[in-house]
Amino acid sequence: MERKIKPRILRRAWLKLSFIALMALLTPHLFAQITVNVQNKPIKEILKSIEAKSDYRFFYNEGLKGLDKISSLRVSNVGIDAAMTALLQNSEVAYKNEGNNLVALVAKEAEKRGPLRRVSGNVSDSKGVPIIGATVMVKDSKVGTITNYDGDFSLDAEANETLVVSYIGYVSKELKINGQSRLNVKLEENVKALSEVVVTALGIKREQKALGYAVQAVEGDLLQTVKGVDMATSLTGKVAGLMVKNSSEFVAEPTLTLRGETPILVIDGVPFKNMSLRDVPSDDIENISVLKGGTASALYGEDGDRGAIMVTTKKGTKNKGLSVSINSGTMFTAGYLAIPELQATYGRVITTATNTYVRSGDGSWGAPMEGQEVIQWDPISKTMKSMPYLPIGKDNFANFLEQGYILNNNINVVQQGENGSLRASATWVQNKGQYPNSKFDKLTYSIGGEIKFNKLALSSSLTYNKNTTPNKGFSGYTGYDPMYGLLIWSAADWNILDSKDYWLIPNEVQNNSYTAGNNNPWFDRYERTHSMDKDILNGVLELNYDIRKWLKAKLRGGYETYSNRQEIKVSKGSFQGAGSATLIPNGTEVWGESQKGSYNLGISRGYSANSEAMLFASQKVSDFNFEGMVGGSLRYYQDEGIETRTRGGLSIPAFYSLKASIDPVQVASNIYRKQTNSFFGRIAVDWKDMLFLEATFRNDWTSTLSAAERSYFYPSVSGSFLLSEILPKQDWLSFWKIRSSWVTSKKTAGIYSINNVYTITNAAWGTLSTANYPTSIRGNDIFPESTSTIEVGSAINMFKNKVSIDVAYFSKDMFDFIRSASVSSASGFSSNYLNIDEIRTRKGIEVALDVTPVKTKDWQLDLNVNWTTSKTVFTQLDSLYSGDRPWIKEGMRTDYYLIRDYLKDQQGNIIHNASGLPLFSSYDSNYGYSDPKYIWGLGVNLRYKNWQLGVSVDGRVGGLAQTITEMYMWRSGSHPNSLVPERYLDATVPGSKNYLGEGVKVVSGTVTYDTYGNITSDNRVFAPNDVKTTYKSYIETYHKGTAWGGSPSPVDLYDATFFKIREVSLTYNLPHLLTKKLAMKDVSVSAIAQNVFLWAKQFKYSDIDGGSENFSDPSQRYIGFNVKVGF
Amino acid sequence: MKMKNNILRIINNSLLLVFLAFVSCDNFDDINTNPDAATNPSPSMICTNVVLKTVKFNGRDAMAFLDANLLAKYVGFANQSQQGSQYNSISNSDFGGMTLLPNIDQMVKNSEGNIMQNSYKGIGKFASSWMFYNLTMQMGDIPYSEANQGEMGNFRPKYDTQEQVFIGILNELKEADGFFASGVTFDGDPTPYAGNPDKWRRASNAFALKVLMSLSKKADVASLNVKGRFAEIVAGGRLLEPNTGFLGLNYSTVNMHPLSGTNDLFTSRTDVSSLLIDHLKSLNDRRLFYVADPSAKQKAAGLAEGDMAAYVGVDVSIDYAAMTAQHLLGAYSLLNSRYLKEATSEPRMMVTYAEQQLILAEARIRGWITTGNAKDYYESGVKSALAAMMATKASYAHGKPIDQAYIDSYFTGEAAFKATTDEQLKQIWLQRYVLNFMQDATHSYYEFRRTGFPVFPLNPITNLNQNNPNGFPMRWLYPGSETNTNRENMKAALDRQFDGYDEVNKIMWIIK
């Protein structure tokens, strides 16, 4: 019973709240009876007066004749019938009270038709949910009505007439009355069909079929069952051309690239600068439409040059009244898809003189752990003592990891009224990471509503986000990730479970098996921390006004502001500082004074404002439909940050404050500002709903270019043609469209980048500051970069929309690049900042296939497949600045991966030096390409009655990536595959060398090279390598490479091919009969899983999903459940 | 109606506002101005930058600092992984240092009409010659006459012959002398000279002597006039004096010595070479106690810290694994712990009276000058070097600190000035080698190239000089970026010097 009461209390509370909010927003007084006194006004105006003073609402066709007739009305406290009769007498207009304060106005001529009879009915969607506001018209007449809140309608019509029922987003239906008095109509939703309405640039809603470019939509409810930390993860593989890279690092956001570039994120029509998909809870998403390629830019300017992800958030609902829904997801870590391992045979190097192991963190290139007595650190007695040397820490990593989880809870409340709605939504996400002291909380509260008032519509939303974590940790080798000291430079000769008490002297000295390099991992997580506390507030206000039937005005303002406070605390006695971590955007890497302790504080804040004003016009002229738009926008943003840190250590250990600084604190700040003013427009024409053409233009004025170059113009043209309209009707062919577009875009220079200014360094030496002249020449007149994209595509639907295929080909020329082009430093400058005369072309093909092989009342199977390939090549080279390299040639790919390969003889054998170590070339060579050959995704949805099974799989094929984790596993001696017999001999017979590298050595002769690295003469004679070396020396050379830059050795450059079962969900929807009894609208329960299975071609110990690999945190499999309840 | 009118008005006004905003792009330049960057800084701030780029260690970290000392056989590095520089692996150099030149131009330009301008011009000439000297010493021919023409649109400067580069360097140093002579005390000097133009003039001349001495194999090339220039500078009398102090930098707790606070991760594995230790022992030189710690093994065997026998250096050419094994046995002397523990273990000394006097001693022996005598030059130089070491913390000297009495009695036995010029030269070179430990170690490598003394250990099995396992590499390769940005000019330089092949064993003009 409790279950029933709670929602009621809740509902009451929300009712009150929404009522108060509505009252505050809506000024009209609500009266049951009508009192009006209007003299000599058009009937239309008088109707408005009634609307203003009562809660009656009138519906009528805009073309209804007689409403402009001048009339008068003076009534006091009368009912609607009395008022309407008085008003409409002697007019051509009749009224019909539809109940619930709805009044329809129709032409009186209806009465002039033949014998009329009352026809009533109900309009609902395929699930039986009533559709409110659907139009029901008598065909070829002006008689019609609108459905009420229960989807009911009634009107008078002749017995043989036909009714046309239509509603946006649904397929219109015609029904012969055939003498019936009751007609129930089910409208089919237009989900898959290409008459689907999608949101395009600036929020312009257009039908899919009219678009001359590729757009793919994802419905919000697809993202609301398996809810991870980031909704973007659920987008992986769902859109052709969209690559989502999901890093396994704690709190790392997925990165999205669309056709190889980073798309702009547009939320409710506003291109917010500081928001990411993380800041939009999946439960607030109505739908997402992905505008591919530069077509989005035509109207968004440079920020949209790389495509756009358009998020439309939920506003109201279809059903009037109050609805509350709760969606709660819980997932726990259930194993790891990829996790590094550590060999447990060899331990540390033992200092023979003292029989003590080295404590400086050098990895595990030492003695085999065979139980011999060695003087070691005992973390329990906290002394050095002789103990048997054994792999007691072989499970250190597993013992250190903690149970992770993701909680994702949302409650939202919607009040849908006849003229508006109010929605409030609260989301709480908590993520517990793999490592101790890693917790991330994300709170989102958003409130939004719409008000319709005659020709005016106002919608607004406000969202507040708070992201906090006490320790987001440090990642990557140069950040001294926990793996650095726990896996790589550690040995399995100490037990992490004995080291939980991590102080030797509290706040000053660690209880640690190591004295340098490796922190005690517990100490590392609790005493070397990076906290974050971030707030983002953003809002949108949109005003639409119908000036005329054919002319509409729209005003939209978007504003966001954020602040972010980050602290890095490094305890005294830490062996590592903060590494390459930063505290503010564009801040300096902290590194820090490790052993002395340090406190670092960064505060960043900023805002962006985006306002637009637009006028829309549309006109139909015979078979042509014209649409036009002009508008202007103002976009300004500012980001600033201040970072400060202690110097010389902390005066009091564990006193984390700037006041603790022994030397004067170091402070730096930055600020970035940019404004872009734009004027843009669009004209579209369609002919017979068959041929569609659209052109856009935009002119920007931007602050980052000089006065002479800051104004620039760029147009686009696109069109589509419905071939299926002219082909003979075929049963199997439902729809066939071809489309094409040409779009140009421009991109300006970076903030401040055209300025020739000195870099100032405070107190560079003692009290003296320095000024450094730029190393890049800035004297040039920089003009915007350009792109020009051609796209062709085709969409075909077959077998009653059971099969649909969409194919797109695009080719994007990029030119006038603004580059800091490298020049010889002997010129006094390392680069020249200018527009270079190089052209690069990105080409690609995207295929999206949707198939519904089974569709019955009980069964439905939907498959959707996405496949994408693209590459960028040099199309034209700049003779001065493109670079003089063998791999930079017209037609060759731009994502080359350069390495210095092993020196090899003509048979491909590695050449060894006199010490038996492999040799490397002194010249770069191109080893392959970093971008994947293609990416793919597969979605399977199976429904049986109330059960639904969803599986999504995605993958990438090809592309090179360096494995930094495995490279260091090899270099530090911890790789499980390094347990070769030679290693044992090396370790047990000190000074012996036992490893023979496979390959050759040079017996005599020399080789010479030209400046490209080509051999110019070679008289070398080779013999098989017969020089033994130690396994350690060999491996360190063979796996040459660092995390500090430079190229890796070829063996650590991996093929990044992988695929993942991304998500699995099994949902049961409770039958409506049951939910009704529970006083709920709908209830569903799901078993869910994310990051379920990974297969990778070469990356076995770490997850390459994030795109690059540098001590990736263990990749967690999440399994859990989700409950959705709607009231 | 009223509402509708209001709304219309709002829309109209907003459209108007947006339109107005277009036509007013006036504030765009303000928006795009970075308040944290300066367009017209004082010459003193540029000067500080120029001086720091010249005398400061600008490498990445402690490991990079040790690298030059590995190449010059001062130390060996055990236990982590083999360092190529210890085993004679040399790769590409870098022209990045030439970005100093526009800073010099701006420093001089911004001091127009300032009484300090001549001093700044002197600094500019000194810094420029210092930078070019180091680059040409590494690679051979380099761009000189067409260098720094980027702002004039020349991004592909031709390479000048090393001979021409040296003429340029020497002329610039002569100009520096003139500018400092007419200069006044200037602001922005981070060195202990604190803007004193006379001290700078003396240091600049001392550096000129060093440059000239490195040209000893080209002493008779007429265009250079090495001997004449040398004698002229000495005759000018504006050289460093014992109390002028060094040109360099004093470290502090904020501006720390590069090896300080490095958490013994790298530095604790640094073994001092037998080359240095054995020579110090033979000289009975107490600097041994300042540069090294006693070997743990010898201490365990009962030897006292103050006993020179407790100090065992590593033959830095032995196999790395063997070295590591011995290192773990505690066989070798580690780098003196003051470098790790103290923020200010010792100052950075780039131009010193000690080195100047040793150069004068060599010049006197070579007959480039006729004033003074070689023995006095030698002894004054060494005494100054010992005094500098005496100025560091005595607590790290293992109970054998240098004091004045020790200095006064230093010149006995092997340290006493020898009889033959051949032996004298070796003594002088050895003292210069000792002087540059943890200072300008790369210069010791150049000196080794010139003099062959002290004799660096060589092991063809461990030698990473692939194309010549029986010899040391003689030069750095040209910057890899030049093949991309200035290939034709680089190729011309390679063709005329090294048969077109950029290789480390090729012999550049100065050491031919």
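Guide: Two residues are in contact when heavy atoms of theirs lie within 4.5 Å. This is a predicted model, where local features need pLDDT of at least 70, side-chain atom pairs count only at pLDDT 80 or more, and totals for chains, interfaces and linings use all residues. Residues are numbered from 1 along each chain as its sequence is written, chains are lettered from A and ligands numbered from 1 in the order in which they are written, and side-chain values use heavy atoms, with hydrogens and water left out.

Visitor: What does Ser571(A) touch?

Guide: Leaving aside residues up to four places away in sequence, Ser571(A) touches Trp503(A), Asn507(A), Phe523(A), Glu527(A), Ser594(A), Gly597(A) and Tyr656(A). Ser571(A) sits in the loop between strand S33 (551–570) and strand S34 (598–621) of chain A. Helices (H or I, at least four residues) and strands (E, at least two) are DSSP runs, numbered from the N terminus.

Visitor: Why is Ser571(A) called buried?

Guide: Buried means under 20% relative accessible area, exposed means over 50%, and partly exposed is in between (1.4 Å probe, protein chains only). Ser571(A) has 1%. That is under 20%, so Ser571(A) counts as buried.

Visitor: What makes Lys466(A) and Asp533(A) a salt bridge?

Guide: A salt bridge needs a side-chain nitrogen of Lys or Arg within 4 Å of a carboxyl oxygen of Asp or Glu. Here the closest N and O atoms are 3.0 Å apart. That is within 4 Å, so the pair qualifies. Lys466(A) lies in strand S29 (residues 456–469) and Asp533(A) in strand S32 (residues 528–546), so the bridge ties together parts 67 residues apart in sequence.

Visitor: Are those two residues buried, partly exposed or exposed, and what makes them so?

Guide: Lys466(A) has 25% relative accessibility. Asp533(A) has 31%. Both values fall between 20% and 50%, so both residues count as partly exposed.

Visitor: How many salt bridges are there over all chains?

Guide: A search of the whole structure finds 75. One of them joins Arg698(A) and Asp700(A), at 2.7 Å from N to O.

Visitor: Why are Arg698(A) and Asp700(A) called buried?

Guide: Arg698(A) has a relative accessible area of 6%, and Asp700(A) has 1%. Both are under 20%, so both count as buried.

Visitor: What makes Glu355(B) and Lys210(B) a salt bridge?

Guide: Their closest N and O atoms are 3.2 Å apart.

Visitor: Which residues form the nonpolar patch, and what makes it one?

Guide: Patches are made of residues with over 30% relative accessible area and no salt bridge; like charges are joined within 9 Å, nonpolar side chains (Val, Leu, Ile, Met, Phe, Trp, Tyr) within 5 Å. The members are Val717(A), Trp742(A), Ile790(A), Val792(A), Val807(A), Tyr809(A), Ile845(A) and Trp867(A). Take Val717(A), in strand S38 (residues 711–722). Strands S43 (785–798) and S44 (803–815) each supply at least two residues of the patch. Together the members have about 640 Å² of accessible area, by the Shrake-Rupley method with a 1.4 Å probe, where for residues only the protein chains shown count as cover.

Visitor: Which residues does the cis peptide bond join?

Guide: Phe453(B) and Pro454(B), with omega about -10°. Pro454(B) is in the loop between helix H19 (441–451) and helix H20 (482–485) of chain B.

Visitor: How many helices and strands does chain B have?

Guide: Chain B has 21 helices and 4 strands. Of its 512 residues, 60% count as buried.
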